[in-house]
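These are notes for a colleague opening this model for the first time. Please keep the structure in view while going through the points.

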Amino acid sequence: MRFHLLVALLASAGSASAQTVPAPPPSSAGTIPPVAAPVAAVPMPVVTPPAAPRRRLPPSPAELRVRAANRAATLEPATAGYINAVQVYPFSDGSVYHVLTAPGQVTDITLQPGEVLGAVAAGDTVRWVIGDTTSGTGDSRRTHVLVKPFAPGLATNIIITTDRRTYHLALTSVGRAAMVAISWTYPQDQLIALKAAADRTRAAQPVATGLSVDQLHFDYVISGDRPTWRPVRAFDDGRQTYIEFPSDLGTGEAPPLFLVDAKGAAQLVNYRVQGRYYVVDRLFETAELRLGLKRQEIVRINRTGQSDTRRRAS
């Protein structure tokens, strides 16, 4: 029994001694020392100082003048100018017409009947749809320029040229309140038409009233050059002399009238133009119509009935 206890003690002591003996260091021959893993370089952030705020320069005097002129020349939509849904502007050369548009809606810019479209130029052709079409036939044929923006808050301008005039328009896109159509009245054309009507009325009126055919004397001879304004005839009523010209006298330059005396000296005489007639408040023997400087055109008017005492020059 003691023998077995002694053997067990010896075995436990040997085991303990074996555990406490340090292991020999490994031989350096044939072994590779561990290599440290590379460390990735972290870039340092570049810190830039904040940019100084750009100083906004005030507009130049010239720019202010341009702005003021554009504002003064711009015509805005007016309640009194509407005929149904069409805004009617009075046309004037150099005016700018303001047109309100909206996305999803087409605004119709209607030109004068018979007016032939030349070109349409827009400042912004990317965010605006611009086209043209026509309506009617013959003298009632009209050109329509159609505009539509892609989004609200846009602004541009367009220039429309035709065979009669040039239109300047400022386009603005808003939320929903778009103008359906715009057109123009033409006061200058109306004045021209009124003047032409007055000229036709005046031309249709008799050159003088209270005259009898028996009082008229047509014994005048017209000679000399043959310009387009050469008189058709000349006659008198014993008191005044009338020189009748072609109907298109007012379309060109009218010649002045000179009286020629017996010695051939010419003197400018007073007369008035009534329609296509020259009315001279006297009788004469010889007169000349002269026009031009270097190559002067001369038409001579001679009275032949010199023996009639009623026709003696006053």
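1. Arg 165 lies over the face of Phe 91, 5.2 Å from the ring centre. A charge counts as over a ring if NZ of Lys or CZ of Arg is within 6 Å of the ring centre and within 35 degrees of the ring normal. The model is predicted: local features need pLDDT of at least 70, side-chain atom pairs count only at pLDDT 80 or more, and totals for chains, interfaces and linings use all residues. Residues are numbered from 1 along each chain as its sequence is written, and side-chain values use heavy atoms, with hydrogens and water left out.

2. Phe 91 also forms a tilted aromatic pair with Tyr 186, at 5.9 Å centre to centre and 40° between the planes. Rings of Phe, Tyr and Trp (its six-membered ring) pair if their centres lie within 6.5 Å; planes under 30 degrees apart are stacked, over 60 edge-to-face, and the rest tilted. Phe 91 and Tyr 186 are both buried (under 20% relative accessible area; exposed is over 50%, partly exposed in between; 1.4 Å probe, protein chains only).

3. Which residues form one aromatic cluster? The members are Tyr 89, Phe 91, Tyr 97, Tyr 167, Trp 184 and Tyr 186.

4. A further tilted pair joins Phe 218 and Phe 235, with 5.1 Å centre to centre and 40° between the planes. Phe 218 counts as partly exposed because its relative accessibility is 47%, whereas Phe 235, at 7%, counts as buried.

5. The charged end of Arg 290 sits over the ring of Phe 258, at 5.2 Å from its centre.
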